[in-house]
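Welcome! Take a moment to look over the structure below, and then let us walk through it together, part by part.

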Amino acid sequence: MQKQISFRQSVVLGLLGLASFIGLWHGLAVSGMISNVFLPSPVEVYDRFTTLLDRRFAGATLQGHLFASFQRFAYGFLLAALIGIPLGLLMGWYQLLDEIVSPLFDALRFVAPIAWVPFAALWFGTGIGGPIMIIFAGAFPPCVINAYRGAKFVDPRLIEAANMLGTPSHRVIREVLLPSSVPSIISGLRVSAGLGWQSLVGAELIVASAGVGYMMVQGQANVSTTTVMAGMVAIGLVGLALDSALRLAERIIQRRRGLEN
Amino acid sequence: MGVIQFKDVNKIFGPRETGFQALQDINLEIRDKEFVAIVGPSGCGKTTCLRMVAGFEPATDGMVTVDGTPIKRPGPDRAVVFQQFALFPWKSVYDNIDMGLRNLNVSRSEREARIADILTLMNLTQYAKHFPHQLSGGMQQRVAIARAYVLDPDVLLMDEPFGALDAQTRVVMQEELVRLARKNPRTVLFITHAVEEAVYLADRVAIMTRAPGRIKEVLDVASIRNAEDWDSHEKIEDVMDLESFVHLRTHIWRSLREEKAAQHA
């Protein structure tokens, strides 16, 4: 058996990894082996990051861009959850629907969200619709898959119990399949949030007004690699915060259910 | 009413030629308000009999009917009590019992009254707001029995309901079931592998053979119970000491042991 690692040790180890990464990066950047435009140093990226926080670049501050991005992300993610979770549960319940939808779904989910960019722009425009569709494309599959798995792996005795009590399908889905699938759905949402947030830069390549992705594209156009990297840092930090929040929600729900089962 | 009838029932799992024959030529009629227990060696198909009445499994040949109507699907007229309770873990005791009532066309006030009654009858009133995981196995099975009884079903199907309980709890539950069944008689099909339990509870005991399960013998316990006045004894251990009880139990034991021996031969 492996030795258990305490929470404090894991924090220390995580920080150690981060510190060595930044140290190595800094070493490489200041060594003069690589041109400064190709690889700005961490200090420069940090400076740029703080500058972006209080001075507008490409029409907004970094917070402004992040807010615009997050808003799109939230719409796309919520839409994916609102459509994906019920669809997954229904597919788990009605075999006919499963047979009809699964092959199509399984093929479509391998198309990278970025590949939808031209159509997203054509169909929903470059305002808010297009980017939402791309985030949706990234966030949708895990919602469906995990709700479906949750519904498929529900204790068959509970279904039998519900059936013998004369429960109609719509109530079995809401009162048996859904609660029983909650752990699976929550882990699906975590994966889904990650993929949706990842698809964001791709989504914002086609946005003309604001967003972290847009800011990075503008940075690229101005050969400001520090701006691009500051954008990457911001995306990483928000992604980390998002994942931590969902992980916490997952732990709380699982702990409560651990008592229940 | 609640007359259960098995007519020339065969059950084969898988294809007819190569599948597993679980039941063969089952013929049995359970009269209205009669309590019939099926005992048999494990794997003899006794649970399959119950699952066919519940509407969980179709018969391969023959017919299973309730009041003459062939069974097509599960329904609240045939309430099931499962060995593993099968309570909804995310619903309180009250909501678990309400789950089936909500499917009947019954007013809210009547539902509340019926749940209050059954909670009192099963000594569960103070646990109405508890969740299943907060209760012991015996209490959980009480909730499952309440959930079935509250529907006022014609037929009650009990699949080794006390099999997951410890010995002491089991005895208490058996006594309670007798109390409940006398007070509020239903047609009951009770599956068990515990011989004493079958003799103590049932009006008739059907003994099954090993797979493919057939009905080997049906014993009339009720006439002996009445003749020897078992019900005048309040405690199960007093009934179990009676000569007439011991005699019946031994008879069933022998019969089952022959099946075991045949299995090993």
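## The domains of chain B

Into which domains is chain B divided? Chain B has a domain 1, made of 4-77 + 153-264, and a domain 2, made of 88-152. Keep in mind as you explore that this is a predicted model.

How far apart are the C-alpha centres of domain 1 of chain B and domain 2 of chain B? They lie 25 Å apart. In the contact between them, domain 1 of chain B takes part with 10 residues and domain 2 of chain B with nine residues. On the domain 1 side, helix H5 (residues 167-183) of chain B gives the largest share, three residues. Sorted by class, that side of domain 1 of chain B has nine nonpolar residues, one polar residue and no charged residues.

## The sheet in chain B

Now find the strands. In chain B, six of them form an open sheet, and their order is S6-S7-S8-S3-S9-S10. The pairing in this sheet is mixed.

Which strands stand at the edges? They are S6 and strand S10 (215-220) of chain B; each has a single partner strand, so one side of each is left without a neighbour in the sheet. From one strand to the next, the twist averages 15 degrees.

Let us zoom in on one pair. Strand S9 (residues 204-208) of chain B pairs with S10(B) in the antiparallel sense, over five bridges. In this region, Val205(B) stands opposite Leu219(B), which is in S10(B). A helix also packs on the sheet: helix H1 (residues 46-54) of chain B touches strand S3 (35-39), S6, strand S7 (155-159), strand S8 (187-192) and S9 of chain B. The direction of H1 makes about 150 degrees with that of S7(B).

## Two helices side by side

Next, look for H2(B) and helix H4 (residues 137-149) of chain B. Their axes come within 8 Å and cross at roughly 30 degrees. Angles under 35 degrees count as roughly parallel, and therefore H2(B) and H4(B) are roughly parallel to each other. The crossing of these two helices, H2(B) and H4(B), is right-handed.

Which residues make the contact? From H2(B) come Val93(B), Asn96(B), Ile97(B), Met99(B) and Gly100(B), while H4(B) brings Val143(B), Ala146(B) and Arg147(B). By class, the residues of this contact between H2(B) and H4(B) are five nonpolar, two polar and one charged.

## Where the chains meet

Chain B also touches chain A: 19 residues of chain B are in contact with 14 residues of chain A. On the chain B side, strand S6 (78-81) and helix H2 (93-101) each supply at least two residues. The largest share of that side, three residues, comes from S6(B).

What classes do the residues of the chain B side belong to? They divide into 13 nonpolar, five polar and one charged.

## A look at chain A

Chain A is divided as well, into domain 1 (1-39) and domain 2 (40-260). Taken over C-alpha atoms, 28 Å separate the centres of these two domains of chain A. Their contact takes eight residues from domain 1 of chain A and five residues from domain 2 of chain A. The domain 1 side of this contact in chain A has six nonpolar, two polar and no charged residues.

Terms used
Residues are numbered from 1 along each chain as its sequence is written. Chains are lettered from A and ligands numbered from 1 in the order in which they are written. This is a predicted model: local features need pLDDT of at least 70, side-chain atom pairs count only at pLDDT 80 or more; totals for chains, interfaces and linings use all residues. Two residues are in contact if their C-beta atoms, placed from the backbone, lie within 7 Å. Helices (H or I, at least four residues) and strands (E, at least two) are DSSP runs, numbered from the N terminus. Ala, Val, Leu, Ile, Met, Phe, Trp, Tyr, Cys and Pro count as nonpolar, Asp, Glu, Lys and Arg as charged, and the others, Gly among them, as polar. Domain bounds come from an automatic or database domain assignment. Axes are lines fitted to C-alpha atoms, for helices over the stretch in contact, and angles run from 0 to 180 degrees between N-to-C directions. Angles under 35 degrees count as roughly parallel, over 145 as roughly antiparallel, 65 to 115 as roughly perpendicular and the rest as oblique. A crossing is left-handed if the near helix is turned anticlockwise from the far one by less than a right angle, and right-handed if clockwise. Two strands pair if DSSP finds at least two bridges between them.
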